[in-house]
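I set out below what I looked up, entry by entry. I begin with an interface and end with a single residue.

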Amino acid sequence: MKIAYFIRRDYLTVNPYSGINAIKNKLLEHLAIVVKDDEGIFYGVLTTSDLALNPKTLIIDCLTIKELIDRKDSVEDTIFKMDTGKTDVLPVGENGKFIGLVFKNELYNYISDYNIELENTIKERTASLEDAISTKDLMFSIIAHDLKSPFNAILGFTGLLKDKLRILDFEKSEKLIDGMYAQARNTYNLLEDLLTWARDNSNTIAFNPVFCNISTICDDVISQVKDAAQMKDITINSFHSSDVYAFSDKNMVEVILRNLIVNAVKFTENHGKIEIYSLPIGEFIEITVSDNGIGIEEEDKTKFFKSDFNESTPGTANEKGSGLGLVICKRFIDRHQGKIWIENKSEKGTSVKFTLPIYKEEIQSTSKTKGLKIVK
Amino acid sequence: MKNNIKYSVTLSFEEIKLPPFEEILVLGKNSPHGKQGVSKSFELLIPNGFEIIDSNHGNVDCVFVNKRILAKMPKEKILKILETNVFPYVSEKEIIKVDFKVNISFTIAEES
């Protein structure tokens, strides 16, 4: 930090041949007075310590030599010079010409504030590093525990097929392949969750809200998860208003919907039913993913949104998860200034609801016209 | 009733010159008047009339010597005389004026 920011130009000026008695009180009040003659020639700075160390009748005889420092000098160097020169004030110049004064107490205040700021920055960075380390540990623990089991299952299926392909009938082989496919799909979703979560933690996911058709995104996601749903004979229906759109990040909405629908499939028994619908409510669209599955305990409704929880509950067909799905959903919804919550249905099942900002042409078209993308 | 006041005045007067000394002024180290201020006032009263000679003596800051004397005697000699005869009696807060008259005499013997 340069001292240029601390230069005081509102100083008092006295003639070098004035008597001390005439300015003593003013000096005590201002701590320093600039000494200049009638022609504006700079003689020096008179300080209270000059008066104490060198009491004379005229100002000129009280003055002690003080180095004229440059406005580009650093705060640290200036404090060092003040300490060396045993003075609390120094004159500042620009190209060797006097322009003002710097006071030690003001530099000290700055240093002290700066130190507090640095301390806070260090605390924040330490916290974020601790967070990053615990995230990394969590990643490894998830990789170690959650990815290992589906691979074991896939290895088991492929081992069986390899050894007994020639003696197995077509139906049994098909069943083994279906099992492998389901495990592979499950592992893929798990990896997808992990990668999304890791990227979000490292702040590499850009947030680009655009005009979004929720119905289209929903259909895309349903087609991605339809195999898993078909295996449990689960019906997925989607209803949306045709003229209501969200102003949201398409990729994030896709991740949110995929996680919620995969969860619904996971916790719904065979022959179950999943419904996805959206309604405009004020400035937001409320999107609901509802199932007639096993439901959720009242006390668990909020803990699934916390990253430190990370306990994946197996699905009705013993499907595994990362325990991060809802954490990711909440983070992405937070970035939209939306909300997410879980409701138990009066009859069997669960409804997960979340809100996204509604697209309003008159607002968004003026504020975000540049770079607006239409996702249909 | 009338108040009768009688005044008795004793007076005398004499001519003075400024500065109130002619030859030498010795400035104590902590005298209320400093070298710069005294020098400036001399400069105003008698421009180019005095030379300042700094001193290493413990109690003496400097000596103002009339240039008339310096025309007659080298300053080192003057300082030596002052160091011996004056400085031991100067306290650090004082300003001392010194009357310093110089007589020069020559003995000239001409060879025939």
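Entry 1. Buried area, as I use the term, is the accessible area (1.4 Å probe) that two parts lose on being put together, summed over both. The model I am reading is predicted.

Entry 2. I looked up the area buried between chain B and chain A and found about 640 Å². Carbon and sulfur atoms give 50% of that area.

Entry 3. I then asked how many residues of each chain are in contact. Ten residues of chain B touch seven residues of chain A.

Entry 4. I searched the interface of chain B and chain A for salt bridges, and the rule finds zero. For polar contacts across the interface of these chains, the rule finds seven residue pairs, both residues being at pLDDT 80 or more. I sorted by class the side of chain B that touches chain A: one residue is nonpolar, six are polar and three are charged.

Entry 5. I turned to A:Ser278, which I located in strand S10 of chain A, residues 273–281. Is A:Ser278 buried or exposed? I recorded A:Ser278 as buried, because its relative accessible area is 10% and the cut-off for buried is under 20%.

Entry 6. I listed the contacts of A:Ser278, leaving aside its neighbours within four places in sequence: A:Phe239, A:His240, A:Ser241, A:Ile285, A:Glu286 and A:Ile287. With A:His240, I noted a polar contact from side chain to side chain, at 2.7 Å.

Methods:
Residues numbered from 1 in each chain as written. Chains lettered and ligands numbered in written order. Predicted model: local features only at pLDDT ≥ 70, side-chain atom pairs only at ≥ 80, totals over all residues. Heavy atoms only, no water. Contact = heavy atoms within 4.5 Å. Salt bridge = Lys/Arg side-chain N within 4 Å of Asp/Glu carboxyl O. Polar contact = N/O pair within 3.5 Å; in protein donor to acceptor, adjacent residues only side chain to side chain. Nonpolar A, V, L, I, M, F, W, Y, C, P; charged D, E, K, R; others polar. Helix = DSSP H or I, 4+ residues; strand = E, 2+ residues; numbered from the N terminus. Buried < 20%, exposed > 50% of the residue type's maximum accessible area, 1.4 Å probe, protein only.
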